[in-house]
Amino acid sequence: MGLLHDAVLCREKYAFTHAGRHRPVFIVMVPSNIGFCDSFPVEKFYVPFEDIFNLFHLYKLGPSLIRLWAINTAYTAICELNKVVAVADPYLMHESNVNLPDRRKAMRNYLTDLMLANMEKDCLLVPYYLK
């Protein structure tokens with residue numbers, strides 16, 4: 001958490017001392033080997049400064065930070081050879097996707113493939129974002 005705080009503080013100081021005074025936006029590339037949606041257009045996503053601000057002030061987190069947390073958790077589980085927990089990509093896990101037939105089908109197919117790929121795991125963690 002300290003590294004994230006220092007990076008945000010450094011970028012904020014730079015942004016306010018130079019022309020434009022824009023808030024920083026962090027670009028996150030989705031790793032290709034953890035079972036997340038990683039093809040165009042979701043192979044990368046953006047974490048705006050407001051999400052970092054909300055994190056430090058314990059406000060409701062946005063979908064980009066929830067996805068970043070899920071990537072970190074999945075990557076850590078893979079590196080530690082965790083045999084208990086598998087983590088789903090929260091990209092498709094929006095309540096609005098349940099109401100649209102084609103998105104619901106994509107969500108169902110992704111979860112089915114994830115469950116079949118992780119049949120030996122005891123738990124499946126499915127983070128989602130409520131609006």
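User: What should I know before we start?

Analyst: This is a predicted model, with local features needing pLDDT of at least 70 and side-chain atom pairs counting only at pLDDT 80 or more, while totals for chains, interfaces and linings use all residues. Residues are numbered from 1 along each chain as its sequence is written, and side-chain values use heavy atoms, with hydrogens and water left out.

User: Ok, which residues touch the most other members of the largest nonpolar core?

Analyst: F36, V47 and Y110, out of 24 residues in that core. At least two core residues come from each of β1 (25-29), β2 (44-48), α2 (49-56), α3 (63-79) and α5 (101-117). A nonpolar core here is a set of buried Ala, Val, Leu, Ile, Met, Phe, Trp, Tyr and Cys residues joined through side-chain atoms within 4.5 Å; buried means under 20% relative accessible area with a 1.4 Å probe, protein chains only. Helices (H or I, at least four residues) and strands (E, at least two) are DSSP runs, numbered from the N terminus.

User: And what does V47 touch?

Analyst: Leaving out residues up to four places away in sequence, V47 touches V25, F26, V28, I52, S64, L65 and L68. Contact is heavy atoms within 4.5 Å.

User: Switching to pockets: how much space lies in the largest one?

Analyst: About 290 Å³. Its lining has 18 residues, with I34, I78, A86, N118 and K121 nearest the centre. A pocket is an open set of points on a 1 Å grid over the protein atoms alone, where a 1.4 Å probe fits, with protein on both sides within 12 Å along at least five of seven lines; lining residues have an atom within 4 Å of a point.

User: Which element gives the most to that lining?

Analyst: α5, with four residues. By type, the lining divides into eleven nonpolar, three polar and four charged residues.

User: What about the second largest pocket's volume?

Analyst: About 250 Å³. Twelve residues line this pocket, and L4, L55, L65, L68 and W69 are the closest to its centre. Here α3 gives the most, with four residues. The lining is eleven nonpolar, one polar and no charged.

User: Last one: how do β1 and β2 pair?

Analyst: In the antiparallel sense, over five bridges; strands pair if DSSP finds at least two bridges between them. M29 has K44 in β2 as its bridge partner. On β1, F26 and V28 make up the covered face, while V25, I27 and M29 make up the uncovered one.

Technical notes: Buried < 20%, exposed > 50% of the residue type's maximum accessible area, 1.4 Å probe, protein only. Points joined across faces, edges and corners; volume = space filled by probe spheres on them. Nonpolar A, V, L, I, M, F, W, Y, C, P; charged D, E, K, R; others polar.
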